[in-house]
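Subject: Structure handover

Hello,

Here is the structure we talked about. Please open it next to this email and follow along.

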Amino acid sequence: MNNRQQRGESERAQLRRSELIATGRKLFADTSYDALSMDDIAQHAGVAKGLIYYYFKNKRGYYLAIIEDSVMELVSLASGGGDLPSTQRVQRTVEAYLRFAEFNEAAYRTIITGGVGFDTQVQAIRDAVRTGLVSTVAEGAYGRQDIPPIARLALLGWLSSVEWLTLEWLEHRDELTREIPRDLLVRMLRHTLNTIEEFAPECPAPPPDPDFRPYTGR
């Protein structure tokens, strides 16, 4: 087999793998890890079960690949809008985060709580989300990702609040529209950025957005 044929085979394999991940993301969007068997997955994907084992070794490997793909999408969505003013970019970041959690609930719960077994692999995935989002917020607030340790610590504290507030909101989203947690989290971040400035004057908080109008329910 020449190099061109090898590239063609590699591209087809990558395409098939991506197709299986896309199918898995739909299946697991609102379904827990334990609720679907490999036979169920293969039937929905329209492939032999052995093909999934070939690409992912086992069900856990398949699910983790789906979660990792979801994580990349989440960080990509959150980091978009670089041409927006900092305050609007923060609101967009929070909005993207909540949308992702809403439409990928099972995957989100796994990322935050380790629903597939809380081990180093799951921790690494969650750490990747946190690192990406903290970098995105730092870039939006300060125009750079290289920030002092105390600023990073404060942003991680805010992000922990984001994670658990989002989990709680998912339980009650029939009663609370997405705008409510979004505006709560934006306000909480504003207080966090002001506190960071007190401890690290080299990280001044961006000015408030004069057009920001928090949700009032009216």
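Is Glu95 buried or exposed? Glu95 counts as buried, because its relative accessibility is 16% and the cut-off for buried is under 20%. Keep in mind that this is a predicted model.

**Salt bridges around Glu95**

Side chains of opposite charge can pair when their charged atoms come close. Glu95 has such a pairing with Arg99, a salt bridge with an N to O distance of 3.2 Å. Both residues belong to helix α5 (residues 86-103), and they are four residues apart, about one turn of the helix. Arg99 has a relative accessible area of 40%, so Arg99 is partly exposed.

Glu95 also forms a salt bridge with Arg178, where the closest N and O atoms are 3.1 Å apart. Arg178 sits in the loop between α8 and α9 while Glu95 is in helix α5, so this pair ties together parts that are 83 residues apart in sequence. Arg178 counts as buried, at 15% relative accessibility. Through shared partners, salt bridges join Glu95, Arg99, Glu102, Arg178, Arg182 and Asp183 into one network.

**Another salt bridge**

The count for the model comes to twelve salt bridges. One of them is between Asp39 and Lys49, with the closest N and O atoms 3.0 Å apart. Asp39 is in helix α2 (residues 38-45) and Lys49 is in helix α3 (residues 49-56); the two are ten residues apart. Asp39 counts as partly exposed, at 48% relative accessibility. Lys49 counts as partly exposed too, at 32%.

**Helices α8 and α9**

Two packed helices are described by the angle between their axes and the distance between the axes. For helix α8 (residues 149-171) and helix α9 (residues 179-199), the axes come within 10 Å and cross at roughly 165°. Angles over 145 degrees count as roughly antiparallel, and α8 and α9 are therefore roughly antiparallel to each other. The crossing of α8 past α9 is right-handed.

Which residues make the contact? On the α8 side they include Ile150, Ala154, Trp158, Leu165 and Trp169. On the α9 side, Pro181, Leu185, Met188, Leu193 and Phe199 are among them. Sorted by type, the residues of this contact are 15 nonpolar, two polar and no charged. Ser161 of α8 and Thr192 of α9 also take part in the contact.

Regards

Conventions. Residues numbered from 1 in each chain as written. Predicted model: local features only at pLDDT ≥ 70, side-chain atom pairs only at ≥ 80, totals over all residues. Heavy atoms only, no water. Axes fitted to C-alpha atoms, helices over the stretch in contact; angles between N-to-C directions. Parallel < 35°, antiparallel > 145°, perpendicular 65-115°, else oblique. Left-handed = near helix turned anticlockwise from the far one by under 90°. Contact = heavy atoms within 4.5 Å. Nonpolar A, V, L, I, M, F, W, Y, C, P; charged D, E, K, R; others polar. Salt bridge = Lys/Arg side-chain N within 4 Å of Asp/Glu carboxyl O. Buried < 20%, exposed > 50% of the residue type's maximum accessible area, 1.4 Å probe, protein only.
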